[in-house]
Amino acid sequence: MFSSVPFYRGDPIYSLFEEYEKDPRKHKVSLSIGVYCDEDGRVPYMQAVKAAEDEIARNLGARPYLPMEGMRAFRTAAQHLLFGATQEAVKSGRIATIQSVGATGAVRVGAEFLRVNLNTDTAWISDFTWETHLDIFEASGYKVSRYPYYDARTGGVDFGAFCACLDKLPSGSVVVLHACAHNPTGAELSNDEWTKVAELMVRRGLIPFLDMAYQGFSKSLEEDAFAIRALTDAGASFLVANSFSKNFALYGERMGALSVVCPDVAQAENVLGQLKAAARRTYSSPPTHGARIIEKVLTTPALNASWQSELESMRERIMTMRHALHDALALKIGAERVNYLLVQSGMFSFTGLAPAQIDMLRNEFGVYLVNTGRICLAGLTSKNVEYVANAMAHVIEHVKP
């Protein structure tokens, strides 16, 4: 019956991590998968999360299905974190928010919602981007094209080419944007540039679809939400998928949200209904435990303060590793060849390494990067950063791109 089913070669990032896990070398280093690890190379169990779980455990009870849209208190807390509790759009009730199965689930539900209800069939994603964006929108029935974004000369954003492309897109085009900590490049728009992009989006009648998987890992929780608030202030109607996997280190709970900013309350109510319908035919209803944890942390002042402090320490550790790698490489091959590390921000940087160089890093040194050249800086520690710098310098000097 299943003889015609083709072989699945696996997701390139997960498959690479599986290969890393099998590698017996003690000095191996994983810089591939986008997971935050501490100085000991372990995913942290955040103290605020532990305290919330301890309290929840003391009051366990029945766990019926959540509504299709998810837990109300969680959804409200998510809106306040993204948009700000005093934002007019929040207070007036014109944002429709559902709890989702991770931000990945939010992107899929949002893509389906737009295709079914707005009859959209064209999506634009950045060159480069998280490749699952391509998979999700193609699987949802879209024709996917790329807009220029990354500037290899500077390691930043080619803002002129980016805006010129957006200015020519047909009205109603879906434009997928990274709200902060761009994956895989680490190249970000400035606040002034986001303000200009928001105005351009509204003027051209485009549909912004923001993916924010790393809030708190670039500048701060508040500053990383600037793009969302700039679009709201500009009067845009748009979608935001956000993840709690990274900033709560709750990867396995698959916690996310999808928010749609609407022109008025009546439209928001209709949108929420259609988001519920899309969720029902996808996964029916979201999980309970992770929502309880996040809601409790976000709404309990002491836990919220503890969480924000620990998240800031995580962000600072990534920044320290970014500077340590830059400084070590600068001594070996010259600062001008690695200054991109200081231009970019967040968990990732785009090294520009070629496939042959990446292969040698893995085969000869046990340093694992994805084949795009993206490096996850959270995999670096004070114990391995010099080793990684030596390995990178060697392949840059001895292997032709």
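**Rings, cores and a sheet**

Author: There are 16 aromatic pairs here, where rings of Phe, Tyr and Trp (its six-membered ring) pair if their centres lie within 6.5 Å. This is a predicted model, so local features need pLDDT of at least 70 and side-chain atom pairs pLDDT 80 or more, while totals for chains, interfaces and linings use all residues. Numbering starts from 1 along each chain as its sequence is written, and side-chain values use heavy atoms, without hydrogens or water.

Reader: Take tyrosine 147 and phenylalanine 162. Stacked, edge-to-face or tilted, and why?

Author: Tilted, because the planes are at 40°; under 30 degrees counts as stacked and over 60 as edge-to-face. The ring centres are 5.1 Å apart.

Reader: Where do those two sit in the chain?

Author: Tyrosine 147 is in strand β4 (residues 143-148) and phenylalanine 162 in helix α7 (residues 159-166), 15 residues apart. Helices (H or I, at least four residues) and strands (E, at least two) are DSSP runs, numbered from the N terminus.

Reader: Is tyrosine 147 buried or exposed?

Author: Buried, at 1% relative accessibility. Buried means under 20% relative accessible area, exposed over 50%, partly exposed in between (1.4 Å probe, protein chains only). Phenylalanine 162 is buried too, at 0%.

Reader: And phenylalanine 248 with tryptophan 307: how far apart are the centres?

Author: 4.5 Å, with the planes at 20°, so that pair is stacked. Phenylalanine 248 lies in the loop between β9 (238-243) and β10 (255-261), and tryptophan 307 in helix α12 (residues 301-333). Both are buried.

Reader: Switching to cores. How many residues has the largest nonpolar core?

Author: 111, and Trp307 and Leu325 have the most contacts inside it. A nonpolar core is a set of buried Ala, Val, Leu, Ile, Met, Phe, Trp, Tyr and Cys residues joined through side-chain atoms within 4.5 Å. Helix α12 gives the most to this core, with 10 residues.

Reader: What is leucine 325 in contact with?

Author: Beyond neighbours within four places in sequence, its contacts include Leu341, Ile375, Leu377 and Met392. Contact means heavy atoms within 4.5 Å.

Reader: Now the sheet. What is the strand order?

Author: β2-β10-β9-β8-β7-β3-β4, an open sheet of 7 strands with mixed pairing. Two strands pair if DSSP finds at least two bridges between them. β2 (95-101) and β4 are the edge strands.

Reader: How many bridges join β3 to β4?

Author: 6, and the two strands run parallel. Aspartate 127 has proline 148 in β4 as its bridge partner.
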